[in-house]
Amino acid sequence: MSCAVGCPAPGGSTPSRLAPCCAVLRRVRPVPTGDYQDLPSWRRWTVRLAWLAARGGRSVVVPMTVLRPDHRAALLGGLRDRGLAVRQVVLRVPAPVLRDRIDADRVEAAARDWRHAHLDRALGLTQPVLKRRS
């Protein structure tokens, strides 16, 4: 069994079972930077929820782009500290394909500007991650 944990950046894609959680978070805790990953409490709760979901040997899939290396280290390190085996997967897609996918998304259309604004930075992060894993 797999599940997804975490709320996306503003307007990002949210698995349906998380939509109520994210809606509550948006009302309770405004994010000055516009990115939930900047909240230490969000990172802690993402780790806790993933750990809870993984109990009993279940696989947990956390589909997200984490732009800041310190945030990625906090998330992955927190999962490892709780005894979970962590495998980071990087999907490499050419920039034009990603831009087309962003523009074609009708579900999270409000996220387009945020996604386009962060696309180059996200694409630049994949190379160092891939080199470390080689």
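Trp45 is partly exposed, at a relative accessible area of 49%; here buried means under 20% relative accessible area, exposed over 50% and partly exposed in between, with a 1.4 Å probe and protein chains only. Trp45 belongs to helix H2, residues 40–54.

Together with Leu49, Trp51 and Leu52, Trp45 makes a nonpolar surface patch of about 370 Å². Patch members need over 30% relative accessible area and no salt bridge; nonpolar side chains (Val, Leu, Ile, Met, Phe, Trp, Tyr) are joined within 5 Å, and like charges within 9 Å. Accessible areas come from the Shrake-Rupley method with a 1.4 Å probe, and for residues only the protein chains shown count as cover.

## About the model

This is a predicted model, in which local features need pLDDT of at least 70 and side-chain atom pairs count only at pLDDT 80 or more, while totals for chains, interfaces and linings use all residues. Residues are numbered from 1 along each chain as its sequence is written, and side-chain values use heavy atoms, with hydrogens and water left out.

## Overall picture

The protein has five helices and zero strands, giving the pattern α-α-α-α-α along the sequence. Of its 134 residues, 32% are buried. The accessible surface comes to about 8700 Å², and carbon and sulfur atoms account for 57% of that.

Contact here means heavy atoms within 4.5 Å. Take the contacts between residues at least 6 apart in sequence: 62% of them join residues at least 24 apart.

## Helix H2

H2 has 15 residues, and its first and last C-alpha atoms are 21 Å apart, close to the 21 Å expected at 1.5 Å a residue. The expected span is 1.5 Å times one less than the number of residues. Trp42, Arg43, Thr46, Val47, Ala50, Ala53 and Ala54 are buried in H2. Down the helix axis, these buried residues fall within an arc of 135°, so they line one face of H2. The arc is taken from the directions between the helix axis and the C-beta atoms. As background, an α-helix has 3.6 residues a turn, so residues three or four places apart point the same way.

After H2 comes Gly56, with a positive phi near 80°.

## Helix H3

For H3 (residues 69–81), 13 residues at 1.5 Å each should span 18 Å, and the end C-alpha atoms are 17 Å apart, which agrees. His71, Arg72, Leu75, Leu76, Gly78 and Leu79 are the buried residues named for H3. They cover an arc of only 155° around the axis, which puts them on the same side of H3. Gly83 follows H3, and its phi is positive too, near 85°.

## Gln37 in the H1–H2 loop

Gln37 sits in the loop between helix H1 (19–28) and H2. Gln37 is buried, with a relative accessible area of 6%. Setting aside neighbours within four places in sequence, Gln37 is in contact with Trp42, Arg43, Met64, Thr65, Val66, Leu67 and His71. Trp42 and Arg43 are among the buried residues of H2, and His71 is one of the buried residues of H3.

## Salt bridges

There are four salt bridges in the structure, each being a side-chain nitrogen of Lys or Arg within 4 Å of a carboxyl oxygen of Asp or Glu. One of them pairs Arg68 with Asp38, at 3.6 Å from N to O. That pair links distant parts of the chain, 30 residues apart: Arg68 lies in the loop between H2 and H3, and Asp38 in the loop between H1 and H2. Arg68 also bridges to Asp70, with the closest N and O atoms 2.6 Å apart. So Asp38, Arg68 and Asp70 are linked in a network of salt bridges. Relative accessibility is 33% for Arg68, which counts as partly exposed. Asp38 is partly exposed at 24%, and Asp70 is partly exposed at 41%.

Elsewhere, Arg115 pairs with Asp105, the closest N and O atoms being 2.8 Å apart. This pair also joins distant parts of the chain, with Arg115 in helix H5 (residues 112–133) and Asp105 in the loop between helix H4 (95–104) and H5, ten residues apart. Arg115 is buried at 18% relative accessible area, and Asp105 is buried at 18% as well.

Conventions. Helices (H or I, at least four residues) and strands (E, at least two) are DSSP runs, numbered from the N terminus.
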